[in-house]
Amino acid sequence: MNSSFARRLAGSATSLIRTAKVHIPLRAFSLSVTHQQQQPQLQNDQTQHNHTTTTHFGFKTVPEEVKESLVRNVFSSVASNYDMMNDAMSLGIHRLWKDHFMRNMAPTPGAKLLDVAGGTGDIAHRFLNYQDNINCDSTSTVHMVDINPDMLREGERRFSDSKWKQEGRIDFTVGNAENLDFIKDNSFDAYSIAFGIRNCTHPDRVVREAFRVLKPGGRFMCLEFSRVTNPLLAVAYDLHSFYVIPKLGEIIANDRNSYEYLVESIRKFPTQDDFAQIIREAGFTTIGSGYENLTFGTVAIHSGFKF
Ligand SMILES: C[S@@+](CC[C@H](N)C(=O)[O-])C[C@H]1O[C@@H](n2cnc3c(N)ncnc32)[C@H](O)[C@@H]1O
């Protein structure tokens, strides 16, 4: 599709939306914005204003030091409805993305996984299932870390009666992905972070910490919302994101604001290529582009090896 057609399409979508009185931040439709123009977002948002370093919280600009507590409030607010909302927002597709993520990780028997921003434990659960059922292995372990005690409590509850808990194969720590000082250098075989890194104030610090705690030969894997590459689908995706998801948040969880933030935070996260570059700058070796797009780039799996 050439760029003038894409612009016309964006124009018609914009008028369609105006007519339908759907309130969507219209900059989401500016298809003429190139990757290069979007690229420095992370740096631009982390600028100095009146000696205060600011960053983004969704589409708002906030002092850097308050973002962590704002994010914590969002996840405390959504924790009890989190799993149900995930199914409702993605029509259950997040389960397929996570299954694919685990098949792609293909952990070896006995592997030690660090699952950061682990939330209610979807990745940890898939990892232990994979080890039991594919590798016939009952020695591998997973350590879940999350900054939010309410989310982690939901995760602990899910595993409380499991044989994995009884066998001591899963444990939980409240902690910040940007500073895992309670974890030794070179101590894990694999590191996962799913739908968590875009909420962190400094994604580059998160990736550097992952590099530190992984053993040589270890693998970093990230599953995160990303940029839809097809302009026509991007219009449909924006409608879903800015209209349907906040409405679902309002109806199901009585919490429109948190779901508006979640949608906005996706748009502020670096593009696939920019994030792959952050991973390489932290010291990881990537294969090819370093990422795989799923569902037309709605989400991407990034991966890097510590050699
Ligand atoms: C959208 S949930 C994802 C949960 C789970 N990984 C999944 O895929 O369902 C994002 C999680 O990231 C956590 N989080 C946000 N900022 C964090 C940080 N700086 N360090 C660790 N966890 C963080 C939140 O508390 C929340 O549980």
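## Annotated binding site

The UniProt record, an unreviewed entry, places the feature "binding site" at Thr120, Asp146, Asn176 and Ala177. The structure described here is a predicted model, and the positions named in the record can be located within it.

Thr120 sits in the loop that links S4 to H7. This residue counts as buried because 23 C-beta neighbours lie inside 10 Å, and the cut-off for burial is 20 or more. Apart from neighbours within four places in sequence, the contacts of Thr120 are Tyr82, Asp83, Met151, Glu154, Gly155 and Arg158. Asn176, another of the annotated positions, belongs to the loop between S6 and S7. Asn176 is classed as partly exposed because 18 other C-beta atoms lie within 10 Å, a count that falls between the limits of 12 or fewer for exposed and 20 or more for buried.

## Overall composition

The protein contains 13 helices and ten strands. It has 307 residues, of which 40% count as buried. Among contacts with a separation of 6 or more, 70% are made by residues 24 or more positions apart.

## The seven-stranded sheet

Seven strands form an open sheet with mixed pairing, in the order S6-S5-S4-S7-S8-S10-S9. Its edges are strand S6 (170-174) and strand S9 (291-294), each of which pairs on one side only. From one strand to the next, the twist averages 15 degrees. In general, the strands of a sheet pair through backbone hydrogen bonds, in either a parallel or an antiparallel sense.

Strand S4 (residues 112-116) is joined to strand S7 (residues 188-194) by four bridges, and the two strands run parallel. Within this pairing, Leu114 has Tyr191 in S7 as its bridge partner. S4 also pairs with S5 in the parallel sense, here over five bridges. The bridge partner of Leu113 in S5 is Val142. S4 is mostly covered, with four of its five residues buried.

## Helices lying across the sheet

Which strands does helix H7 (residues 122-133) lie across? They are S4, strand S5 (141-146), S6 and S7, and the helix runs at about 175 degrees to S5. The loop containing Thr120 stands between S4 and this helix.

Helix H10 (residues 203-213) lies across S4, S7 and strand S8 (214-225). Its direction is about 150 degrees to that of S8.

## Packing of H5 against H11

A pair of packed helices is described by the angle between their axes and the distance between the axes. Helix H5 (residues 82-90) and helix H11 (residues 231-253) have axes that come within 10 Å and cross at roughly 145 degrees. The crossing of H5 past H11 is right-handed.

On the H5 side, the residues that meet H11 are Met84, Met85, Ala88 and Met89. Their counterparts in H11 are Ile245, Leu248, Gly249, Ile252 and Ala253. By class, this contact of H5 with H11 comprises eight nonpolar residues, one polar residue and no charged residues.

## Residues with positive phi

Asn186 has a phi near 50 degrees, which is a positive value in a residue other than glycine. This residue is placed in the loop between S6 and S7, the loop that also holds Asn176. Asn186 is exposed, since 12 other C-beta atoms lie within 10 Å and the limit for that class is 12 or fewer.

Phe195 likewise is not a glycine and has a positive phi, of about 55 degrees. Its place is in the loop between S7 and H10. Is Phe195 buried or exposed? Phe195 is buried, because 21 other C-beta atoms lie within 10 Å.

## Arg103 and Tyr130

Arg103 is part of helix H6 (residues 93-105). With 11 other C-beta atoms within 10 Å, Arg103 is exposed. Arg103 and Tyr130 are separated by 27 residues in sequence, while their C-alpha atoms are 8.2 Å apart in space.

Note on methods: Residues are numbered from 1 along each chain as its sequence is written. This is a predicted model: local features need pLDDT of at least 70, side-chain atom pairs count only at pLDDT 80 or more; totals for chains, interfaces and linings use all residues. Axes are lines fitted to C-alpha atoms, for helices over the stretch in contact, and angles run from 0 to 180 degrees between N-to-C directions. A crossing is left-handed if the near helix is turned anticlockwise from the far one by less than a right angle, and right-handed if clockwise. Two residues are in contact if their C-beta atoms, placed from the backbone, lie within 7 Å. Ala, Val, Leu, Ile, Met, Phe, Trp, Tyr, Cys and Pro count as nonpolar, Asp, Glu, Lys and Arg as charged, and the others, Gly among them, as polar. Two strands pair if DSSP finds at least two bridges between them. UniProt positions are given in the numbering used here, feature names are shortened, and annotations may be inferred rather than shown by experiment.
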